[in-house]
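This report describes how the parts of one protein chain are arranged. Please examine the sequence and the structure before reading on.

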Amino acid sequence: IDILHLKDKKVTNWDGEIGEIGAGNLPWKKILETAERTGVKTIVVEQDCNWMDDDALKSAKISADYLKKLLNI
C-alpha cells in the first residue's frame, strides 16, 4: 500500500461520528505500527465533518498534532 487514507470515528450507543484523528475509538498506535511495518509511504487524513463544530483548519491541526506525537516527528 503506497497511500493510506485515515479517518477516525467515535462510536457511542451504536451510532458513529467522524472526527479528528485521535478523538475517536480507533487504535492509532497499532494502525500506524502496521502501516510502517507494511511499507506505507504516504498517509492522507480526511475530515468529513466535525462533531465539535470547529472550523476545518482547526480540525486538521488537531489531527496533524496527534499524528506527529504518535510518530515522534
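In this predicted model, the crossing of helix H1 and helix H2 is right-handed. Two packed helices are described by the angle between their axes and the distance between the axes. For H1 and H2, the angle is about 65° and the axes lie 11 Å apart. Angles of 65 to 115 degrees count as roughly perpendicular, and H1 and H2 are therefore roughly perpendicular to each other.

On the side of H1, the contact is made by Trp28, Lys29 and Leu32; on the side of H2, Tyr66, Leu67, Leu70 and Leu71 take part. Sorted by class, this contact between H1 and H2 has six nonpolar residues, one charged residue and no polar residues.

The elements discussed in this report are listed below.

| Element | Residues |
|---|---|
| Helix H1 | residues 28-37 |
| Helix H2 | residues 56-71 |
| Strand E2 | residues 8-12 |
| Strand E3 | residues 15-19 |

Strands E2 and E3 pair in the antiparallel sense, over five bridges. Within this pairing, Val11 has Gly16 in E3 as its bridge partner. E2 and E3 form a hairpin with two residues between them, and Asn13 in the turn has a positive phi of about 50°.

The protein chain as a whole contains two helices and four strands. From the N terminus on, its elements run in the order β-β-β-α-β-α. The radius of gyration of the chain is 12 Å, close to the 11 Å given by the globule rule for 73 residues, so the chain is as compact as a globular protein of that length. Along the principal axes, its C-alpha atoms fill a box of roughly 35 × 30 × 20 Å.

How values were computed. Residues numbered from 1 in each chain as written. Predicted model: local features only at pLDDT ≥ 70, side-chain atom pairs only at ≥ 80, totals over all residues. Heavy atoms only, no water. Axes fitted to C-alpha atoms, helices over the stretch in contact; angles between N-to-C directions. Parallel < 35°, antiparallel > 145°, perpendicular 65-115°, else oblique. Left-handed = near helix turned anticlockwise from the far one by under 90°. Contact = heavy atoms within 4.5 Å. Nonpolar A, V, L, I, M, F, W, Y, C, P; charged D, E, K, R; others polar. Pairing = 2+ DSSP bridges. Rg over C-alpha atoms; globule rule 2.2 N^0.38 Å.
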